Amino acid sequence: RKLEAPKLYHVHFDLNDLTTAISAAQEATKIAQESHGGQLHVLVNNAGAGVLSYATTKQNVEANVGRNFLAPHLLTEKLLPVLQAAATSTYKPRCVFVASLAYSLSTDYDPQLCLATPAEGGAPTGNLKLQTDGSSQAGLMEMTFMYGRAKLGDVAAAHYMAQQYPDLNFTSLHPGSILSNFGSTALGLVGQLSYYLTYPFQYSASQGAVTALRVALDPDFNTVPALQGAYLHCDGNPWSKEALILSDPETQQPYEWNKYATKVVTLANELIAKLLV
C-alpha cells in the first residue's frame, strides 16, 4: 500500500550550548503535543564529533564531553515525558545513544573531576595540561581519549536510565567506521594515510545505520532483558561492556557498572544544574 510521506521538522539544537538542549526539547515537545498525540516513540542521539584540538563549550566544559555527552543527555532528560507517554503494555519507546568503540580506550572518565573542573572534562588531573590563559598543550592522543571519555558517558547514561525507566528502552551503540571524507582532512598526513588505507574496509552510511534501525524497530527490544541498557556493536548485536579502570574510592577497586553509571548520570545532572544557574 502507498505510505504517506513523512513530515520533517527543523528544531535548532546546538551541541555547544546547553541552553539549546532545553529549547529544542520544548519545541519538540510542542510538536509532539500538537501533531502526534503528545508522544515520541524513538529518540536517536546521533554522533556528535571528535574535537581533536582543545576547546570548550559555551558553558566552559571540555568540548568532547560537553558536545557528545552532556548536551544529548540533557535533551534526553527533557524529552522523557513525551517518550513515556508513548509507552504501552507491549511497546517500549526507544532512546539510542550513538556512542563509539572509542569508549573502551578511556574507561577512566571521572564524573567527580568533571563536576569540579568542567574545563578538564573528567580527565585525570593534569592530563590536558591546561595553561593559566585557559589554553591546553594536549596533543592528538590526549584529545582522542577525551572523545572516548565522552562516549563512555553515553554508554553509562543508557545503562543507568534503562534501570531508572523500565517502561522505556535505552541503548548505546557503535555504528562502525563510516565511509566519508572526514578523516582525509581532519588529521593532516596521519588522517590521509588512515583514510586511504582503511577505505576498503569502512561502512557505507546505510550499513552504519543498521544497528540504530534495529534498536529503533526490533520488537525484541520491548521484552528481552539483555537488550535493556545494552551496548551494541556495528553488527547489530549486543557486546559486553568493557571493564572500568576508574577506582571506586569506597572499595579501592575498579567501579562496577551499576554504581559507576549512577554516579556518572547523577553528577552530570548536578553539573548541568550548576552551569545553567
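The lining of the second largest cavity divides into 8 nonpolar residues, no polar and no charged. The classes here are Ala, Val, Leu, Ile, Met, Phe, Trp, Tyr, Cys and Pro as nonpolar, Asp, Glu, Lys and Arg as charged, and the others, Gly among them, as polar. The residues in question are L70, Y109, P111, C114, L115, L267, A268 and L271. Helix 3, residues 111-116, and helix 10 are the elements that give two or more residues to that lining. The space in this second cavity is about 30 Å³.

Before going on, the provenance: this is a predicted model, in which local features need pLDDT of at least 70 and side-chain atom pairs count only at pLDDT 80 or more, while totals for chains, interfaces and linings use all residues. Residues are numbered from 1 along each chain as its sequence is written, and side-chain values use heavy atoms, with hydrogens and water left out.

On terms, everything sits on a 1 Å grid over the protein atoms alone: a cavity is a set of points where a 1.4 Å probe fits but cannot get out, a pocket is an open set with protein on both sides within 12 Å along at least five of seven lines, and lining residues have an atom within 4 Å of a point. Grid points are joined across faces, edges and corners, and a volume is the space filled by probe spheres set on the points. Helices (H or I, at least four residues) and strands (E, at least two) are DSSP runs, numbered from the N terminus.

By this rule there are 2 cavities of 30 Å³ or more. Helix 2, strand 2 (94-98) and helix 4 each give two or more residues to the lining of the largest cavity, and helix 2 has the largest share, 3 residues. By class, that lining has 5 nonpolar, 4 polar and 3 charged residues.

Next, the second largest pocket, at about 670 Å³. Of the 18 residues lining this pocket, Y9, A28, I31, L40 and V42 lie nearest its centre. Helix 1 (18-35), strand 1 (42-45) and helix 2 (63-85) each supply at least two lining residues, and helix 1 gives the most, with 4. The pocket lining counts 14 nonpolar, 3 polar and 1 charged residues.

Now the helix pairs. Two packed helices are described by the angle between their axes and the distance between the axes. Axes are lines fitted to C-alpha atoms, for helices over the stretch in contact, and angles run from 0 to 180 degrees between N-to-C directions. Under 35 degrees counts as roughly parallel, over 145 as roughly antiparallel, 65 to 115 as roughly perpendicular and the rest as oblique. Contact means heavy atoms within 4.5 Å.

How do helix 1 and helix 2 sit, at what angle and within what distance? Their axes come within 9 Å and cross at roughly 30 degrees, which means helix 1 is roughly parallel to helix 2. On the helix 1 side, the contact includes A21, A24, A25 and A28, and on the helix 2 side it includes L70, L74 and K78. The contact residues divide into 13 nonpolar, 1 polar and 1 charged.

Helix 2 also meets helix 10. Those axes come within 11 Å and cross at roughly 90 degrees, so helix 2 is roughly perpendicular to helix 10. F69, L70, H73, L74 and E77 of helix 2 contact V264, V265, A268, N269, L271 and I272 of helix 10.

Last, helix 4 (residues 140-164) and helix 10 (residues 257-275) have axes that come within 8 Å and cross at roughly 105 degrees, so helix 4 is roughly perpendicular to helix 10. That contact has 10 nonpolar, 5 polar and no charged residues.
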